[in-house]
Amino acid sequence: MRAFHRLLLDLLLLLLLLPASSPWKSSMEDLLRKMESQRAPPSVQEAAAARVLERLLPTHISSFRFEIDSKGICGESSCFRISNIDKSSGDAAEILIQASTAVELSSGLHWYLKYWCGAHISWDKTGGVQLASVPSPGSLPHVEDQGVKVDRPVPWSYYQNVVTSSYSFVWWDWKRWEKEIDWMVLQGVNLPLAFTGQEAIWQKVFKGFNVSSENLGDFFGGPAFLAWARMGNLHGWGGPLSQNWLDEQLKLQKRILSRMIELGMAPVLPAFSGNVPAVFTKIFPSAKITRLGDWNTVDGDPRWCCTYLLDPSDSLFVEMGAAFVRQQIKEYGDVTNIYNCDTFNENSPPTNDPTYISSLGAAVYEAMSKGDKDAIWLMQGWLFSSNAAFWEPPQMRALLHSVPIGKMIVLDLFADVKPIWKRSSQFYGVPYVWCMLHNFGGNIEMYGILDAISSGPIDAHMSRNSTMVGVGMCMEGIEQNPVVYELMSEMAFRRQKVQVEEWLKSYSNRRYGQANLDIQKVWKILYHTIYNCTDGIADHNKDYIVEFPDTSPFVNSFKPSKRQIRDLPIVENKFRISLRETSSDLPHPHIWYSTEEVINALQLFLSAGNDLPETSTYRYDLVDLTRQALSKLANQVYLDAMSAYQGNDASSLHIHCQKFINLIEDIDTLLASDDNFLLGTWLESAKRLAVNQNERRQYEWNARTQVTMWYDNTRTNQSKLHDYANKFWSGLLKDYYLPRASLYFSYLTHSLQEKKDFQLEEWRKNWISYSNNWQIDKDLYPVEAVGDALAISKSLFIKYLC
């Protein structure tokens, strides 16, 4: 049973808006007719939507009635319709929600709860839900007499990045997955990646090619690094995977897919990208197998460096790819036709010859279609941003047109900052999804471009000859910046640009359960500062607390003109003029707003805390905003310390170093006051999946390593990816970031006192040794908050920001 049903029919409406000559129109029409016949039964979806309500708001299970659109309410589009139920009928239900699929039923429920009941729904780790404003059963507010109908302007709402599975989902059990799938449908997501458990599928496929389980020991990465092993960036790092892990993850995937199908979603499964274990070179000596170059190792250690890639031009590639797709169909049933494959993710083809590139793309698709004759290739468009110098128009066109038009969908992955659709003539006629990338490494940083989110998808959809078929959220890590994701989710149902300032008033009222003028002023300030990043720099948290410079003492500036930068191709829209990325090895904290204005916002937010009820949403935002202000202050304190060192001012150096240390300690105390900023939660969730001591040690090492050193190191060289996945978590600041800074400052002070050069290599040796020991440590960290967040925030504001 498949999940495409009605949502795929929506493309027909889009096709009518295109010129009659659109080359992908007829093939898409054929596909949609086929998919329409494979819909899940309405009763299954209606029951699934009712269970979402029951888990969210069990007191109101009888207050709503759900109906799949069997009477033509939506016509040829996906929609939901909210209307009143006549109380004279004797029915306990008050509100009727009709829709195309269970996704739209759930989205309609969320829309009603938001805009008629003042409710708010976000991830638990960003404050969770605010449902206190929902009236009791029997008193729900009515909508307009004629009802309210909301259509999707484009059929798909996509969710996830291929690395989200490692940065956010890796330690999840079914209970957490169930909550996430509920969140997805409430936000309108109908096209999610479903990557869990694929290693168990590969184990079975490789067995058919005479590869033993033992030969896969150094092929799969460890649990926290599977995303990069899947992409062929590394192998073996953090592994091997136990049979228990493989089996349990496959069971989990089957539950995930079953729930997605019940709710009318269209899951996206993985496809073969050419990544093969080393033993393939011996089993198939005549096959075209090449060893890829180094990806971010310190010294090219062959234990995890330089994976093997089966050339798509080799007939074995198609055989392998087809076998993988067929095995998934055997395991899961015929649940989807959409498959993700990113053969060239941060790995360029060996030549830029368009003919060769076209042949590679054709082979990748042939492998899919041999396993599923109706396969559609969903490809991340990150390669066109990350390696723009290689993917010039001839190369882009060659890859995009290497498969039949209508059989590929591209994710314009970085459209919120660097949209590719504009410079590629709508991806040269290939359907695409407008995506927001937003987050790197699962970092905790208040950041966003609300204006781009509120207008970018509209501009793309309304542009001439648009081939846009969806909107998407492609963050590397979730559970941060809930305002950004709520607005982005709404764009799946918006035909006009959102007036952000007005929307934020409504958002703040819902999030905290009541209107407050100071809070509204806060969000107006945040809108024009933190959530108005127009400098074109891809945000990745490089605050000095969490990414301490691995270099000799230096003096730097936050001003972009002082940075060593390079300009990438111009992005011509009103939000930015260029995408600038640092080319220096030195970390440069990203600052794009007036810190003084944000401190004023924090003061207002603190004042409002006296009038607001104690809610998890307010507490989360208070801790996050205070952390943001203090972490930016710490950046300046660090620079002051470097200036004192350069000026041979030992007294000032001591003062600034101590202030930096104090800030780390105080921010750790602040973070400890909210359950959502605790290292212990991450570590304990990893250990809970283990069934023996070996797994427990391995999983904890994986969890600790990903958020710190990340990859390999030598005695004197940190990992090239150290701190990429940094986190502002209590416990991590106190026991990892603080010792690092303290050790560095001790060497700094000694250098000044002894009038000797800074001993960088000695500091590195000591720090790397400490880090590696911490990675294998077993110390326990709290999983419950301690302290009064409001009182702590107020005291820190007075101490540092007044």
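Predicted model: local features only at pLDDT ≥ 70, side-chain atom pairs only at ≥ 80, totals over all residues.
In what pairing are the bonded cysteines of the chain joined, if we number them in sequence order? The pairing is 1-2, 3-4.

Residues are numbered from 1 along each chain as its sequence is written, and side-chain values use heavy atoms, with hydrogens and water left out.

Let me begin with the chain as a whole. Its secondary structure comes to 27 helices and 19 strands; helices (H or I, at least four residues) and strands (E, at least two) are DSSP runs, numbered from the N terminus. The radius of gyration is 26 Å, close to the 28 Å that the globule rule gives for 802 residues, so the chain is as compact as a globular protein of that length. Here the radius is taken over C-alpha atoms, and the rule is 2.2 Å times the number of residues to the power 0.38. Along its principal axes, the C-alpha trace spans about 85 × 75 × 55 Å.

Of the 802 residues, 64% count as buried, which is to say under 20% relative accessible area, with exposed over 50% and partly exposed in between (1.4 Å probe, protein chains only). Among contacts (heavy atoms within 4.5 Å) with a separation of 6 or more, residues 24 or more positions apart account for 78%.

Now, the cysteines. The structure holds two disulfides, a disulfide being a pair of cysteine sulfur atoms within 2.5 Å. Cys74 and Cys79 form one of them, with sulfur atoms 1.9 Å apart. The torsion about their S-S bond is about -75°, so this disulfide is left-handed. Cys74 and Cys79 are both buried. A disulfide also joins Cys305 to Cys306, at 2.1 Å from S to S, and both of these residues are buried.

With 1% relative accessibility, Cys533 counts as buried.

I turn next to the sheet. Eight strands form an open sheet with parallel pairing, in the order S8-S7-S17-S16-S15-S14-S13-S9; two strands pair if DSSP finds at least two bridges between them. Strand S8 (191-192) and strand S9 (269-270) stand at the edges with a single partner strand each, so one side of each is left without a neighbour in the sheet.

Strand S14 (residues 376-380) pairs with strand S15 (residues 408-412) in the parallel sense over four bridges, and Gln380 stands opposite Leu411 in S15. S15 in turn pairs with S16 in the parallel sense over three bridges, where Leu411 stands opposite Val433. S16 and strand S17 (residues 468-473) are parallel partners over five bridges, and the bridge partner of Trp434 in S17 is Val471.

Is strand S16 mostly covered or mostly uncovered? Strand S16 (residues 432-436) is mostly covered, for five of its five residues are buried. In a regular strand the side chains alternate between the two faces of the sheet. In S16, Tyr432, Trp434 and Met436 point one way, and Val433 and Cys435 the other way.

Finally, the packing. Which residues touch the most other members of the largest nonpolar core? They are Phe384, Phe660 and Phe745, in a core of 269 residues. Such a core is a set of buried Ala, Val, Leu, Ile, Met, Phe, Trp, Tyr and Cys residues joined through side-chain atoms within 4.5 Å. Helix H21 (residues 616-646) gives the largest share of this core, 15 residues. Leaving aside residues up to four places away in sequence, Phe660 touches Tyr544, Ile545, Phe548, Ala634, Val637, Tyr638, Ala741 and Phe745.

Helix H23 (residues 679-688) is also mostly covered, with eight of its 10 residues buried. Those buried residues include Trp682, Glu684 and Lys687. The buried residues of H23 pack against helix H5 (164-167), helix H24 (693-706), helix H25 (732-754) and helix H26 (760-775). Thank you for your attention.
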